[in-house]
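Here are some notes for a colleague who is opening this model for the first time. Please read them with the structure on screen.

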Amino acid sequence: MLKRFAPLLLLLAALVAPLPAVAQNGSLSDTYSGEDLVREGGEFFGSAAQGLATVVEQAVSQFGLPNGYILGEEAGGALFAGARYGEGIVYTRNAGEFPVYWQGPSLGLDVGGAGSKVMMLVYNLSTTQDVFGRFPGVDGSAYIIGGFGMTVLKDRHVVMVPIRSGVGARLGINVGYLKFTQEPTWNPF
């Protein structure tokens, strides 16, 4: 069923992030190489990291090298309307690391629930405050036990590419956003 939606997912992802992400003047420009990301992600995901290199390679080839990343965990569920909650640490070369929380609603042909470890590649950070805000995107999921998935989210000039390794049962496609905050909240809006 997801194969029928694959062209639509690729088209919507291209519309959300139409230009390659590159560091802009005055930005936190020290980037992370693909090897750095695979090493850090491999340590974070542990035994589930077998497919990580392929997903990171795809993200880097499409968007370039990120100048930040987030390692965290999230949980969510949906019965056509859904919500997702997570927390993690943002890592940058120039500004250090700091905690971040995210939550967001979704709406679509989406059923199930999952818990995931998440590595989000962050592009075009000018300041650490650029992480906070609402990042809309399209998500498609098709797994019963687990696996890796990649999504593209964009707000203004900042692009985030969440790479998830989840456990649960989820099937469908949805539209929504993630709101990144400095403090946790139960309100997904």
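1. Start with the secondary structure. The chain has 3 helices and 6 strands. In sequence order the pattern is α-α-α-β-β-β-β-β-β. Keep in mind that this is a predicted model.

2. Next, the chain as a whole. It has 189 residues, and 46% of them count as buried. Take the contacts between residues at least 6 apart in sequence: 74% of these join residues at least 24 apart.

3. Now look at Asp110. This residue lies in strand S2. Is Asp110 buried or exposed? Its relative accessibility is 0%, so Asp110 counts as buried; the cut-off for buried is under 20%. The side chain of Asp110 makes a polar contact with the side chain of Arg170, at 2.6 Å. Leaving aside residues up to four places away in sequence, Asp110 touches Ala78, Leu79 and Phe80, and also Arg170, Leu171, Gly172, Ile173 and Asn174.

4. A search of the whole structure finds 2 cavities of 30 Å³ or more. The largest cavity has a volume of about 150 Å³. Its lining has 17 residues, and those nearest its centre are Arg84, Asp139, Asn174, Tyr177 and Leu178.

5. Which strands line the largest cavity? S1, S2, S3 and S6 each give at least two residues to the lining. S6 has the largest share, with 7 residues. By residue type, the lining of the largest cavity divides into 7 nonpolar, 6 polar and 4 charged.

6. Please also check the second largest pocket. Its volume is about 170 Å³. Strand S1 (68-92) and S2 are the elements that give two or more residues to its lining. The lining consists of Tyr85, Gly86, Glu87, Tyr101, Trp102, Gln103, Pro184, Thr185 and Trp186. These divide into 5 nonpolar, 3 polar and 1 charged.

7. Then the backbone at Asn124. Asn124 is not a glycine, yet its phi is positive, about 70 degrees. Where is Asn124? It is found in the loop between strand S2 (96-123) and strand S3 (133-143). Asn124 has a relative accessible area of 6%, and therefore it is buried; buried means under 20%.

8. Arg156 is a residue other than glycine, with phi near 55 degrees. Arg156 is placed in the loop between strand S5 (152-155) and strand S6 (158-181).

9. How do S5 and S6 run, parallel or antiparallel? They run antiparallel, and 3 bridges join them. Lys154 stands opposite Val159 in S6. The hairpin of S5 and S6 has 2 residues between the strands, and Arg156 takes its positive phi in this hairpin.

10. Find Asp110 with its 2.6 Å side-chain contact to Arg170. Find the largest cavity, with Tyr177 and Leu178 among the residues nearest its centre. Find the second largest pocket, with Trp102 and Trp186 among its lining residues. Then compare the two positive phi values, about 70 degrees at Asn124 and near 55 degrees at Arg156.

Conventions
Residues numbered from 1 in each chain as written. Predicted model: local features only at pLDDT ≥ 70, side-chain atom pairs only at ≥ 80, totals over all residues. Heavy atoms only, no water. Helix = DSSP H or I, 4+ residues; strand = E, 2+ residues; numbered from the N terminus. Buried < 20%, exposed > 50% of the residue type's maximum accessible area, 1.4 Å probe, protein only. Polar contact = N/O pair within 3.5 Å; in protein donor to acceptor, adjacent residues only side chain to side chain. Contact = heavy atoms within 4.5 Å. 1 Å grid on protein atoms, 1.4 Å probe; cavity = no way out; pocket = protein on both sides within 12 Å on 5 of 7 lines; lining within 4 Å. Points joined across faces, edges and corners; volume = space filled by probe spheres on them. Nonpolar A, V, L, I, M, F, W, Y, C, P; charged D, E, K, R; others polar. Pairing = 2+ DSSP bridges.
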